[in-house]
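Please read these notes with the model open beside you. They go through it part by part.

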Amino acid sequence: MPIRDDLRPYEPYGAPQLDVPVQLNVNENPYGPSKATADDIAESLRIAATDLNRYPDREAWALRTALASYLGHGLGPDAVWLANGSNEVMQQILQAFGGPGRTAASFTPTYSMYPEYARNTHTRWITGRRADDFTFDVDAALALIAAEQPDVVLLASPNNPTGESLSLESVRAVCDAAPGIVVLDEAYAEFRRPGTPTALSVLEDYPRLIVTRTMSKAFAFAGGRLGYLAADPAIVDALRIVRLPYHVSTVTQTVALAALRHADEMLARVAELRATRDETAQWLREQGFQVVDSDANFVLFGTFADRHAVWQAVLDHGVLIRETGPDGWLRVSVGTPEEMGAFRDALTAVVATAR
Ligand code: PMP
């Protein structure tokens, strides 16, 4: 294949999609929409279907308006942008603000797609490290930023796969130091502990700060593929240059708008999922594992001499978790109480055999 030389070594990215009873590997919300919400989505789509001969609203204005009001913080639709998942939002950010001769930076362990956006956009990719306990090391980050002057800094808060949220002081320190764009990836924002601030609250002070969000996680809408961001309208205008025309289909816009009308219901299980997360972390600690405190809907635990063997053995019990992050660690998404029971049983059986 005459594929680009730099792409030759790669496999397509993606967690295994396996047909097993308990799926706790991609941080989805385990609770789907109710029948009433599903009916509203279907009815909205039935009405929109008669217009499918037309291209969608290229600016997705109605959806951006609804997302702005969902976010609050005085944001208007001109300060909101969207795409097919926050993955696509972030790739557009690197298309507009990265590119040949430019540098993007992040701090590992962090979300494994970041280097792929950089690779796809020919952006130089550099990483600093988090502290040994995986917390964000502000001084080390500021030193890297000072030395490398990255055009884009990508920070996930809560971070995937570790779960830590950044303090507003850290966000401000990075924004003050960074010469270019700072992206705060808040895919898991709704799972934060009450009282943990969002970077939306400092957006006004930093015209080069972008806060990305997604409907895939707490909002229980991963299949809808809708990611979005809040930023200065000038940033949104820059992204409109690189987006493909009509990139968000009428189908996506329609179903996302319908789901947003039911936001309370879509988010109703977040408190329960937080509680299940904390119980899962506590149980893992009681079993003698190391566990990272998480503000998200997953828990990173370890360590295992052969994590692949543990992952496979848990899978053999019908429970799919994720082999990701630092060597020796595994990540489990928070599911229903029944699913977490199956996870506990599987892990207990696996560890008993191994010991
Ligand atoms: N950011 C982080 C930190 C994530 O974990 C994920 C999903 N795994 C995403 C962004 C992308 O999510 P989506 O494209 O579904 O919005």
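1. Basis. The model is predicted, so local features need pLDDT of at least 70 and side-chain atom pairs count only at pLDDT 80 or more, while totals for chains, interfaces and linings use all residues. Residues are numbered from 1 along each chain as its sequence is written. Helices (H or I, at least four residues) and strands (E, at least two) are DSSP runs, numbered from the N terminus.

2. Domains. The domain assignment gives domain 1 (13–31 + 269–354) and domain 2 (35–265); such bounds come from an automatic or database assignment. Their centres, taken over C-alpha atoms, are separated by 26 Å. The contact takes 21 residues from domain 1 and 22 residues from domain 2, where two residues are in contact if their C-beta atoms, placed from the backbone, lie within 7 Å. On the domain 1 side, helix H10 (270–286) and strand E10 (298–302) each supply at least two of the residues that touch domain 2.

3. The seven-stranded sheet. This open sheet has the order E2-E8-E7-E6-E5-E3-E4, with mixed pairing; two strands pair if DSSP finds at least two bridges between them. Strand E2 (80–83) and strand E4 (124–129) each have a single partner strand, so one side of each is left without a neighbour in the sheet. On average, neighbouring strands of this sheet are turned by 25 degrees against each other, direction ignored. Axes are lines fitted to C-alpha atoms, for helices over the stretch in contact, and angles run from 0 to 180 degrees between N-to-C directions.

4. Strand E8 and its partners. E8 (residues 227–230) runs antiparallel to E7, with four bridges joining them. Four bridges also join E2 to E8, again antiparallel. Tyr228 in E8 stands opposite Arg213 and is the bridge partner of Leu82. Ala230 in E8 stands opposite Val211. In a regular strand the side chains alternate between the two faces of the sheet. In E8, Gly227 and Leu229 point one way and Tyr228 and Ala230 the other, and all are buried. A residue is buried if 20 or more other C-beta atoms lie within 10 Å of its own, exposed if 12 or fewer, and partly exposed in between, with C-beta atoms placed from the backbone.

5. Helix H6. Which residues of H6 (residues 168–177) are buried? They are Val171, Val174 and Cys175. These residues cover an arc of only 100 degrees around the axis, which puts them on the same side of H6; the arc is that of the directions from the helix axis to the C-beta atoms. The face turned away from the buried side carries the exposed residues Glu169 and Asp176. The buried residues pack against helix H5 (138–148) and strands E5 (152–156), E6 (181–185) and E7 (209–214).

6. UniProt, in an unreviewed entry, places the feature "modified residue: N6-(pyridoxal phosphate)lysine" at Lys217; positions are in the numbering used here, feature names are shortened, and annotations may be inferred rather than shown by experiment. Lys217 is in the loop between E7 and E8. Lys217 counts as buried because it has 28 C-beta neighbours inside 10 Å. Leaving aside its neighbours within four places in sequence, Lys217 is in contact with Asn27, Asn29, Ala187, Tyr188 and Asn297.

7. The three-stranded sheet. The order of this open sheet is E9-E10-E12, and the pairing is antiparallel. H10 lies across E9, E10 and E12, running at about 10 degrees to E10.
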